[in-house]
Amino acid sequence: MIPPRQFLQTATDARNSVRELIQTMFAAELLSPSRCLWIISPWLRDVPVLDNTTGSFLALCPEFPITEVRLSLVLQELLTRGTQIVIATRPDFGNRQVLDGLRTAGFEDGVIFRARIGWRHSRASTRGGINHQLFSSIDEPYI
Amino acid sequence: MTPLNIQQSSNSFLHWHTEIVPTDTGYQLDLPDGSRWLPIVRNIGIHSHLIGLPIEIRRFAVGATASIGQGQGAQIVRDVEFVKGTDGDDTPAAIGFVADSDGIEVNFTYPGRLFEIARRDSRLVYGLRVARFRHLVQHSTTLSGIANDFQRQWLAQAYLSTVTAEALRNKKTLEEVEATVAGEPSIVRIREVVDTILQWSDDSDDSTQSPPSGPPVRVAELLAILSQNSARDALHQASRTLWEDPSEQWESWLRERFKASLGAALLEAASYLCPHIDPGSLTVDLEALITEPSSSATKPAPDSDQIWLTESSVGGAGFVEDFMREYQNDPRRFFRLVDSALAPSDLETVSEDLRRLLAIVTSGTNDDLTIAFRAMRSTTTHNENVLALRRLRTELARRNILPTPTFMVSLNARLLRPGSTRELDAFLADALRLWDEAERRLGIDIDARVFALVKSEDASLDQLFGQQGWIPTGEAARTWRYSLLSGALWPRGSQIRTEALKISNPFERSVECDRLLVLTALEPPSRQIPLESPDWFEEISQVLVRNGTASLVHSDDRGDAVASALLRIAAEPIDSETLLVYARLIGIRREAGQLIVDLELPEAIQ
């Protein structure tokens, strides 16, 4: 069991720890894809998740562009490697961006989208944002 | 007026020279502190119109080498030097052009004695021996006037293939076999290799000139050259390099190769840095004469050299200015891009992954990947095939074999080709093992075609490949087996390394690149900790706190161990004596069958 990690991020922090953590976790997924991957977040956009601007993640996928690699591209790669992806988010229009991107690229199969689940804001962060439960895997509960 | 019977393969190449005249010393870019490139790259200077420092490029040809054939005769090679020529004036002359342009000047130092550095990696030495043999044949003065550049390439290929094939067949050393081949008046053995490996036919452009019976014109030319004692002596002299260790005599050639490889990596990194600019608009000049501005004329430091990346458009197309802007945003990024350019290419990864897959499916275990692999052969409908392919991709990914389009195409064409069987898998796995052993024994990279030629003598292949029912007989059977086997085996070693990193400059002779030569000369980016160590986390934490960077290394048979390690690194803080901090993942590499995870601790660097 991986211990939980808590973030207290401020605008002046030198490091973007959340982004670094997401990068590490998606790199781990690409190295050893889970059978099923859950992404649970009230806010979901096609954000950059791997900093491949120096080509330093080409060993995970030689087809990645030498730029920041966005969530939808990493999910596409995981889908081609047989991972089933479950996305649970709020039913906002913007939250469909990632799923629409996967559909446009012909990767609809293998994605389960749940946009009507209840979301409790019981664990708001100290700055009033939302404490995202980033993702978890059925094989190995990461968080 | 050109005679009608001139062979279409007749050719001529100009002898180009380049002179670069900078306006003044270039604008010096900052180099990143702590970079492993600092001992090699001394400075990078920008010469551009925008900052008032354009360069003048003078490119001129002083002569040419022509190889001309008429009718069915052998080609005659002639060197031409341009002279003024009026009234018997033989003052040397040149033709060419002068252009103002922009350029990037990279001053670097060779990292010590390269022949000693090269010895550190046997993979590198195996490839270098073969490459040096080809180089010696290409530049042999004995062959001047006998063989043109193309014929020299074929001569080297035919001779090396013959010697290697004989050493494999007779289980002798290259030195023993070469003495026999060189001393043989008959060229039957070479002819056999030429016929099978080069597979020339009379469909060539010069077929109208070939005699009605007898070998194709190319083969006849090659055999005619080989029948000359001087040509055979040149090949014999060059062959010694195939079994000797890199020595001081190799140094200038190794430096040439190092410089070309570094230049190709710099060009690729510059192209990554400026993706909007056509990479073809930048030329790598390795041999240019630099006319230093008088203000900066200093004696060059020993072991130092220069590479110029110059814009091919007159006046410059903005590449150098774009490069300067992007470089200054993050100098460290440029050097990481150089590292990426030196990483294994897609072809190398596919070659290594096919080998690993074959080892897994012939290991005798009934694991998920083996079941998925075999299921691909038993599908009968399109739907079954789609489902089997999906399952195979999943299982490949779980064993860290990347199911990229290139890999899947190669897999389908080689291991899963129609008619392939488990028995063929076992045969190929055994062939790969023997291939490895043979390379270790002979100390050279063995061309896939030569290995296929030797293995094609094994008649048991008829049953393995002959599942479709038809099996040819006699001499045709061996050629048939060779064709099938050379399609099932895949190229590897220096053959694919040189394909990945290339320089194209129409004004210079081409030099082969080898990324391993540069990598072997470089210090590893950071200290490496094996994941197999029981205290790997504590060890890597200590290195990160002390140095700011560290790498975790693991055999990449399975990615799950590294994935678990990454999760631990993400979740478990490191005690930096004043703070509890988390390491940052900066990249993952694959090299020589290992997965290497590069980490840094920014708090330790700052």
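Which residues are buried in helix α5 (residues 188–198) of chain B? I shall open with that question and then take the two chains in turn.

In helix α5 of chain B, the buried residues are Ile190(B), Val193(B), Val194(B), Thr196(B) and Ile197(B). A residue is called buried if 20 or more other C-beta atoms lie within 10 Å of its own, exposed if 12 or fewer, and partly exposed in between, with C-beta atoms placed from the backbone. Helices (H or I, at least four residues) and strands (E, at least two) are DSSP runs, numbered from the N terminus. The buried residues of α5(B) pack against α3, α6 (217–226), α16 (448–455) and α18 (475–488) of chain B. Contact between two residues requires that their C-beta atoms, placed from the backbone, lie within 7 Å.

A word on conventions. This is a predicted model, in which local features need pLDDT of at least 70 and side-chain atom pairs count only at pLDDT 80 or more, while totals for chains, interfaces and linings use all residues. Residues are numbered from 1 along each chain as its sequence is written, and chains are lettered from A and ligands numbered from 1 in the order in which they are written.

Let me turn to the domains of chain B. Chain B is divided into domain 1 (11–112 + 252–341), domain 2 (114–246), domain 3 (346–495) and domain 4 (524–605). These bounds come from an automatic or database domain assignment. Taken over C-alpha atoms, the centres of domain 1 and domain 3 of chain B are separated by 43 Å.

Chain B holds an open sheet of five strands, in the order β2-β3-β7-β10-β8, with antiparallel pairing. Two strands pair if DSSP finds at least two bridges between them. At the edges of this sheet are β2 (27–29) and β8 (282–285) of chain B, each pairing on one side only. On average, neighbouring strands of the sheet are turned by 25 degrees against each other, direction ignored. Axes here are lines fitted to C-alpha atoms, for helices over the stretch in contact, and angles run from 0 to 180 degrees between N-to-C directions. Within the sheet, strand β3 (residues 41–47) and strand β7 (residues 103–109) of chain B run antiparallel and are joined by six bridges; Ile44(B) has Val106(B) in β7(B) as its bridge partner. Helix α8 (residues 251–273) of chain B packs on the sheet, touching β7, β8 and β10 (304–311) of chain B, and its direction makes about 40 degrees with that of β10(B). Helix α9 (residues 319–329) of chain B lies across β2, β3, β7, β8 and β10 of chain B, at about 55 degrees to β7(B).

A further open sheet in chain B has four strands in the order β11-β12-β16-β15, and its pairing is mixed. Because β11 (528–530) and β15 of chain B stand at the edges with a single partner strand each, one side of each is left without a neighbour in the sheet.

Two loop residues of chain B deserve a remark on phi. Most residues other than glycine have a negative phi. Lys171(B), however, has a positive phi near 55 degrees, and its place is in the loop between α3 (149–170) and α4 (174–183) of chain B. Asn400(B) likewise has a positive phi, of about 60 degrees, in the loop between α13 (382–398) and α14 (405–414) of chain B. Are these residues buried or exposed? Lys171(B) is exposed, with 9 other C-beta atoms within 10 Å, whereas Asn400(B) counts as buried, with 25 C-beta neighbours inside 10 Å.

I come now to chain A and its helix α1 (residues 17–31). The expected span of a helix is 1.5 Å times one less than its number of residues; for the 15 residues of α1(A) that gives 21 Å, and the end C-alpha atoms are 21 Å apart, which agrees. Among the buried residues of α1(A) are Ile22(A), Met25(A), Phe26(A) and Leu30(A). Their cover includes elements of both chains, among them α2 (71–80) of chain A and α22 (560–571) of chain B.

How many residues of chain A are in contact with chain B? There are 31, in contact with 35 residues of chain B. The largest share of that side of chain A, nine residues, comes from α1(A).

Finally, Val69(A) lies in strand β3 (residues 68–70) of chain A and is buried, with 22 other C-beta atoms within 10 Å.
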